[in-house]
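Hi everyone, thanks for coming. Please have the viewer open, and let's walk through this one together.

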Amino acid sequence: MTLENDQEPAKYCKFCFGTEEDSTLSFVHPCRCRGSIHWVHNQCLSMWFAKANAVQQVMCIQCQTRYQKQLTLKSWRSWAIPRFGIDMFGLLEISVDLWITWRTVSGFVGMMNGTKGIFREIILCTMWKCFVASGRRFCYYGNLGLQLASSIFRVSIDDYDERREIKVRLPTDMDWEQISQSSVLN
Ligand SMILES: [Zn+2]
Ligand SMILES: [Zn+2]
């Protein structure tokens, strides 16, 4: 799509292809993606987050931008009972996390009391580090917390260009893109 510089490109949602004329739904530009996937409806993005996997809820897979989510307190009339979208596989993973964590902690206590060996504890700690304390699991539990919070908070996504304006106003040595890439998957 080629457009003149002085002309604003027509906004349309990358999920439902709806334009500004089709509805009054609000648009957001949550990441660095441009062109046909520049704009998305806030509502469509929320619906997609409900189905996306843990990492996809934290960052855009195409451009690796980490989303900035804001919580605003809803009026108490809109408060709802939290609903967790945990499936059987999710339950299994949480059980495994809890089991490894429990074995690691009880192994550590046993080691301090002299009833369990250090070698066994090293294996357990390594397992804990690999399976439980991983970036993927942190994303997962972060999203569960957000789901819990969404019963009384409205979750909204910051516009990426507005974030960049803040960066321009406050010059800093830190590279925004580096921060958004490094803080997620490690
Ligand atoms: Zn849409
Ligand atoms: Zn993107």
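First, some housekeeping. This is a predicted model, so local features need pLDDT of at least 70 and side-chain atom pairs count only at pLDDT 80 or more, while totals for chains, interfaces and linings use all residues. Residues are numbered from 1 along each chain as its sequence is written, and chains are lettered from A and ligands numbered from 1 in the order in which they are written.

Now the layout. The protein has six helices and four strands; here helices (H or I, at least four residues) and strands (E, at least two) are DSSP runs, numbered from the N terminus. Reading from the N terminus, the order is β-β-α-β-α-α-α-β-α-α.

How much of the protein is buried? Of its 186 residues, 9% count as buried. By buried I mean that 20 or more other C-beta atoms lie within 10 Å of the residue's own; exposed is 12 or fewer, partly exposed is in between, and C-beta atoms are placed from the backbone. Two residues are in contact if those C-beta atoms lie within 7 Å. Among contacts between residues at least 6 apart in sequence, 69% join residues at least 24 apart.

On to the core. A nonpolar core is a set of buried Ala, Val, Leu, Ile, Met, Phe, Trp, Tyr and Cys residues joined through C-beta atoms within 7 Å. The largest one has five residues: Cys13, Val28, Trp39, Val40 and Leu45. Take Val28: beyond its neighbours within four places in sequence, Val28 contacts Val40, Asn42, Leu45, Ile157 and Asp159.

Next, please find helix 2, residues 88-113, and helix 3, residues 118-132. How do they cross? Their axes come within 9 Å, at roughly 150 degrees. That makes the two helices roughly antiparallel. The axes are lines fitted to C-alpha atoms, for helices over the stretch in contact, with angles from 0 to 180 degrees between N-to-C directions. Angles over 145 count as roughly antiparallel, under 35 as roughly parallel, 65 to 115 as roughly perpendicular, and the rest as oblique.

Who meets whom? On the helix 2 side, the residues include Val96, Ile100, Phe108 and Met111, and on the helix 3 side they include Leu124, Met127, Trp128 and Phe131. The residues of this contact divide into 11 nonpolar, three polar and four charged.

Asp97 belongs to helix 2 and is partly exposed, with 18 other C-beta atoms within 10 Å. Its C-alpha atom is separated by 5.5 Å from that of Val132, 35 residues apart along the chain. Leaving aside neighbours within four places in sequence, Asp97 contacts Val132 and Arg137.

Phe17 sits in the segment before strand 1 and has a positive phi of about 65 degrees, although it is not a glycine. Is Phe17 buried or exposed? Phe17 counts as exposed, because it has 10 C-beta neighbours inside 10 Å.

Gln64, in the loop between helix 1 and strand 3, also has a positive phi, near 65 degrees. Gln64 is partly exposed, with 14 other C-beta atoms within 10 Å.

Terms used. Nonpolar A, V, L, I, M, F, W, Y, C, P; charged D, E, K, R; others polar.
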